[in-house]
Amino acid sequence: MKKILVCLKQVPHKDARLDVRSDGSWIQDDNIKFEINDYDTYALEEALRLKDQGEAEVVVATVGPERAAQALRTALGMGADRAIHIWDDALAETDGLGIAKALAAAAKDENFDIVFTGLMSDDANCAVTGPMLAELLGIPHITAVVKTEFKNGDVEVERELEGGALEVASLPQPCLLAVQTGINEVRYASLKGIMQAKKKPLDKKDLGELGLDAAAVAPKLTVEKIFVPPKGAGAEIIEGPADEVASKLVGKIKELGLF
Amino acid sequence: MSKTLIVGEIQQGVLREATLELVAAARELGGDVVSLLIGNGIGELGEELAKKGGGKVLVADNPGFESYTADAHAQAMRKAVEAESPDLILISNTPNGWDVAPKVAAALDAGIVTDVFKIEQDGDEPVFTRRLFNGKFNGRFRISGTPRIATVQPGARAPYEGSDAGSVEALDVTAASRTKVVGVKTAEAGGHDLTKAEIIVSGGRGLAKPENFKEVLQPLVEALGAQMGASRPVVDAGWLPHNYQVGSSGQIVQPKLYIAVGISGAIQHLVGMKNSNYIIAINKDPDAPIFEVADLGVVGDLFEVIPALAKAVNEAKGN
């Protein structure tokens with residue numbers, strides 16, 4: 001039976017209103033909705049499709065505070081078999097490398113055949129955790145995957161390049177695939193799935209249980225402050241009733257000589 | 001004295017302009033500049049980089065580097081780091097760069113910051129600025145310990161245009177890879193070519209559902225005699241086919257007029273349309289990054305503005 005790991009992150013909901021904290025350290029995230037990172041839902045779907053095709057166990061793992069358990073429950077509701085929730089106060093300020101170390105510690109004795117991650121997260125947009133995890137596990141990886149085909153011990157993938165070009169590459173298993181959005185159509189959790197998820201195992205692990213300590217995950221990358229980008233010379237902004245806006249736009253389009 | 005290692009990139013047999021942008025960034029920071037170039041039969045390109053400001057260029061030339069693989073390139077980069085002990089490593093944030101850079105960072109247990117568009121020197125420490133939350137915010141970052149690794153957004157600054165004596169040195173390295181490259185498929189031609197369109201009206205997630213492309217956007221497209229484009233989330237959701245996608249992984253366009261409707265402006269979209277002659281953006285969020293590249297912005301409800309605009313265009317044309 002194949003063992004598949006899907007790493008996911010809980011991030012602010014796409015439609016959440018985001019504001020910077022007054023000290024600029026990060027966004028205000030006390031009272032906003034969260035969801036599974038978009039890229040990671042595609043990673044999970046790719047794993048669940050392998051499970052649908054035959055014998056496979058799909059394990060989901062996340063590094064995140066208490067609230068992140070909800071993301072794991074959702075993943076279990078979609079069809080994952082069990083979940084690993086890694087958290088420790090010492091992880092609150094860590095960086096991608098610290099997260100990769102925690103995930104690697106949780107994964108190393110499991111001998112997964114395939115590890116799926118999203119290409120990046122929609123919050124920090126770093127795109128580092130997947131390749132780092134692969135390096136720490138000693139397995140090959142490939143990023144921006146838009147197609148997978150599993151054959152014998154290998155997996156053939158298409159990797160997105162620039163301008164619509166695709167690279168076709170073959171990796172031996174075990175390997176890590178960091179998937180791009182749009183690779184598949186992501187399923188929803190069914191009501192039955194959500195009911196079943198409540199009985200599925202969700203293991204909590206802190207750093208000690210993973211054989212790590214705070215020093216091992218101390219961040220090397222630190223954020224000094226975040227801020228709304230300064231508006232450049234940028235756009236002349238118009239507001240007002242739709243009719244007025246439309247006639248101003250028509251004036252501009254005429255000026256450009258386009259009709 | 002600090003030392004910066006530039007990892008150059010070759011694309012279809014030529015040095016990428018992004019590499020010369022790294023040269024400019026490294027020279028601005030001061031200190032020593034050394035470069036690494038990885039490929040097969042690339043002696044002349046190594047000399048070219050040396051003459052274009054790359055300083056001492058280490059050339060990792062091996063048939064195993066014919067196609068990019070993370071495994072092989074990481075070996076060359078680690079060997080160069082061993083030889084040069086750089087304080088800072090700059091890599092372009094391209095599909096190859098973002099694939100290999102985190103792997104090298106993990107192998108070296110080094111801090112990494114990705115997709116930066118500005119590097120400033122604060123005393124002897126670099127400070128990196130990059131986008132977060134798909135362009136909604138910027139962040140300033142620092143890295144503790146060396147080497148520091150940064151991937152740099154292509155096109156974020158002008159390339160270095162000076163010339164220099166430089167020098168070239170062979171870097172002896174193996175190029176083993178577990179991953180094998182089978183081939184490259186180029187973009188499908190035809191179908192829906194946006195690169196020659198005079199006017200493009202593109203829709204994003206703000207259109208809310210697929211029917212609205214036909215019901216709300218199409219009348220404006222027809223009134224203007226334009227072509228329809230789309231942002232990535234729209235294509236990912238299967239609302240429109242991939243050949244409608246404008247952006248770094250879709251089509252790079254430069255029409256006389258680009259109208260972005262309900263598109264927030266993630267960097268990968270901006271890369272594909274920011275060189276349009278004139279950009280109008282319509283979005284309900286006044287902080288949407290699309291307004292940074294727009295010439296004219298409308299903060300408002302597209303479901304009111306677009307039908308009104310289609311009607312006004314038709315009236316102006318006497319249709």
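Which residues of α2(A) are buried? Select α2(A), residues 69-78 of chain A. The buried ones are A:Ala71, A:Leu72, A:Arg73, A:Thr74, A:Ala75, A:Leu76, A:Gly77 and A:Met78, so eight of the ten residues in this helix are buried (20 or more other C-beta atoms within 10 Å of a residue's own, with C-beta atoms placed from the backbone; 12 or fewer is exposed, and in between is partly exposed). Helices here are DSSP runs of H or I with at least four residues, strands are E runs of at least two, and both are numbered from the N terminus. Just past the helix, A:Gly79 has a positive phi of about 135°.

This is a predicted model, in which local features need pLDDT of at least 70 and side-chain atom pairs count only at pLDDT 80 or more, while totals for chains, interfaces and linings use all residues. Residues are numbered from 1 along each chain as its sequence is written, and chains are lettered from A and ligands numbered from 1 in the order in which they are written.

Next, select A:Val6, A:Val60, A:Ala75, A:Leu103, A:Leu133, B:Leu36 and B:Leu90. These have the most contacts inside the largest nonpolar core, which has 131 residues. Such a core is a set of buried Ala, Val, Leu, Ile, Met, Phe, Trp, Tyr and Cys residues joined through C-beta atoms within 7 Å. Helix α3 of chain A, residues 96-107, gives the most to this core, with eight residues. Centre on A:Leu103: leaving aside neighbours within four places in sequence, A:Leu103 is in contact (C-beta atoms, placed from the backbone, within 7 Å) with A:Cys7, A:Ala61, A:Val63 and A:Leu133. Another core of 56 residues lies apart from this one and includes A:Ala242, B:Met228, B:Ile282 and B:Val305.

Now go to A:Ala235, in the loop between β12 (221-227) and β13 (236-238) of chain A. A:Ala235 counts as buried because 20 C-beta neighbours lie inside 10 Å. Not counting residues up to four places away in sequence, A:Ala235 touches B:Ala281, B:Phe291, B:Ala294, B:Asp295, B:Leu296 and B:Gly297.

Finish in chain B with helices α1 (residues 17-29) and α2 (residues 43-54). Their axes, lines fitted to C-alpha atoms over the stretch in contact, come within 10 Å and cross at roughly 35° (angles run from 0 to 180 degrees between N-to-C directions). Show B:Thr19, B:Leu20, B:Val23 and B:Arg27 in α1(B), which meet B:Leu49, B:Lys52, B:Gly53 and B:Gly54 in α2(B).

Terms used: Two residues are in contact if their C-beta atoms, placed from the backbone, lie within 7 Å.
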